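Hi,

Here is the structure I promised to send over.

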Amino acid sequence: MGANWMQFVAGGLTAGAVYALVALGFSIVYHASRAINFAQGEFVMIGGMGAVSLVALGLPLWAAVPLAVAGAMLVGLLVQRLALEPAQAGGQADVVTLIIITIGVALFLRGLAQLVWDKGIHSLPAFTGSEPMHLGGATVMPQSLWVLGGSAVAVLALGWFFGRTLLGKAMRATAINPLAARLMGISTRGVMRLSFVLAAALGALGGVLTAPITLTSYDVGVMLGLKGFAAAILGGLGSFGGAVAGGLLLGLIEGLGAGFVSSAYKDVIAFVVILAVLFFLPGGLVGARGSERV
Amino acid sequence: MSRLTATLRRFTRAALPLALPLLLTAPAAAQEPIRVGTFLAVTGPASFLGDPEQKTLEMMVDKINADGGINGRKLQLISYDSAGDAEKARTFTKRLIEQDKVDVLIGGSSTGETMAAVPLAEAAGIPFISLAGAVVIVEPTKKWVFKTPHTDRMACEKIFVDMKARGFTKAALISGSGGFDKSMRAECVKVAPNQGIQIVADETYGAADTDMTAQLTKIKGSGAQAVLNAGFGQGPAIVTRNYKQLGLTQPLYQSHGVASKEYIKLSGDAAEGVRLPAAALLVADLLPAGDPQKPVVTAYRNAYQDKYKTDVSTFGGHAYDGLMLYVNAVKAAGSTDKAKTRDAIEATKGYVGTGGVVNMSPTDHMGLDLSAFRMLEVKNGDWTLVK
């Protein structure tokens, strides 16, 4: 029993790290525009499938991975530029409109993926081999460590960016008070585009890190997007620390639930979490952030 | 003019509108094509079933037409892509029966798609040869429904017989939530005691699950001596990879649902040593010289690989058998009358196909026995025959 729960924890944390990256993407876009980007899951898919096709073209893994992430970032920029900016032009856009547009974008990207790639399931080679490692009673694939490590590096880089760089602080300023930020010379449009680019980068990173373990196909974005969203709500929408905590916690609950309660209904856990949080703790773990000026 | 010419003229004027259609339709009836309607999962999660099936049917229809057709009539293939979706399958079947007015239905790559079409075929009285695996398709026997692939129950029996031969009595089951998975799991649970096998663990996973380590960890502690994964699609590939990751040493058996190179590719070297029951088609070269299936499977395999430059698949073989059963029935019945062809299909005896030797009867609309399955093992990334 002892070794078992370590195994469940290991699997849960690996999945949780990916949820954390997706949740961070949700939080960054929400932070900047108060809108929920339901195309976030598709960025994960673009990262994974992009890397698969680049490797199939003959590129080595160390080139295919960054290129796939860069490609996803470009897609993120285009989504903001072409789909959302027209709706946001001329002042405060209705948040519901933006959300519905992102749902449409998600469907569009998924359809495009079927044309550009195919509907089959694909695998990516593991970064450093696939010999299982024994850690504290659980067997872990080296790729899991890449997922956890890669996510940790991304989170730290994001923390440094928002905390220490002028651009990051400008983004935070725009979120707190867009008008004041514009008066200070910060381009709100630029901030929006950068949010999408960052969210896409995080999603795609999750996609390439996890594809060697979970395989990838044109429709992996659906479940991952929804679970990442659940994680973002669990942690508190708009909070970056909350997104990471929410992601890891959701992964843990899923892993332990699948191990000790029921493995057939593992997917249900994420959605039960959404309901529970909305009923009992609407602000998420971190609590409601920000205040309204009346 | 004379009264004769006037009468002739009047006669011709009256008769022409009657004669012309007769002149046109009489030869047209002789050339009327035999309409074969199909609905297959060419794209989607079950595309590794439907894509080879579609390719096989196209290849064989072209070949038969090039050889002159059947009884002077050409075959016309009317096919739709149901993408593994039972709802789409139902819609397309309706269209095939009512609008395209086909003479036979060959299709339903997956059990879910087949079962959605069964009521329509029964109500319309049209022969339906299914290409899906579950035993519920032919049990209880339905008048108009036949199938070519081996049933999931046969797969369970073949696997349990092999387990027993290796000295195992305790087995664990792990299956997914799809129609085929659920059906095979139920069949295995049912027939295990008959084969002297005790099921000591029974785990399930969701269709889109990407991590089965939790289920396999529980199986590891269950005392099972062998594990059977009843599933198809991407689930078994992930189960296989997780199996190796967790270092499970018990032999792993898969179902015939993953009898394709795609499975080996996705599972990587974790597939080494995995056994599964499959049709002789996959190991055509390894069959002994006197094997009755060897000529059929070798010819089909060579034709398919020459034309499509890709590995042959057992699912394509099922489509081949389905079409040939119908073609033979039309030849035997001398017409495409639905009731007559149905009777002829039901009377099939000794047909040697890619799936095995088929002997149908009013109570057996599949016609295969356990010898039609060969036990295969993955060695060095390829199939080998287990003696």
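Buried residues account for 51% of the 294 residues in chain A, where buried means 20 or more other C-beta atoms within 10 Å of a residue's own, with C-beta atoms placed from the backbone (exposed is 12 or fewer, partly exposed in between). Bear in mind that this is a predicted model, in which local features need pLDDT of at least 70 and side-chain atom pairs count only at pLDDT 80 or more, while totals for chains, interfaces and linings use all residues. Residues are numbered from 1 along each chain as its sequence is written, and chains are lettered from A and ligands numbered from 1 in the order in which they are written.

Chain A has 11 helices and 2 strands; these are DSSP runs numbered from the N terminus (helices H or I, at least four residues; strands E, at least two). Its radius of gyration is 19 Å, close to the 19 Å from the globule rule for 294 residues, so chain A is as compact as a globular protein of that length. That radius is taken over C-alpha atoms, and the rule is 2.2 Å times the number of residues to the power 0.38.

Helix 2 (residues 40-56) of chain A is worth a look: 14 of its 17 residues are buried, so it is largely enclosed by the rest of the structure. From first C-alpha to last it reaches 25 Å, close to the 24 Å expected at 1.5 Å a residue (1.5 Å times one less than the number of residues). Just after this helix, A:Gly58 has a positive phi of about 115°.

On to the core. The largest nonpolar core has 203 residues, and A:Ala204 and B:Val227 are among those with the most contacts inside it. Such a core is a set of buried Ala, Val, Leu, Ile, Met, Phe, Trp, Tyr and Cys residues joined through C-beta atoms within 7 Å. Helix 1 (residues 2-33) of chain A gives the most to this core, with 17 residues. Beyond four places in sequence, A:Ala204 touches residues including A:Phe43, A:Val44 and A:Ala72 (contact: C-beta atoms, placed from the backbone, within 7 Å).

Now for confidence. Chain B has a mean pLDDT of 89, with 94% of its residues at 70 or more; pLDDT is the predictor's confidence in each residue, from 0 to 100. Helix 1 (residues 3-31) of chain B has the lowest mean among the elements of that chain, 60. Over residues 25-29 of chain B, pLDDT stays under 50. Where pLDDT is low, the predicted coordinates should not be read in detail. The model scores ipTM 0.82 and pTM 0.80.

Cheers

Note on methods: Contact = placed C-beta atoms within 7 Å.
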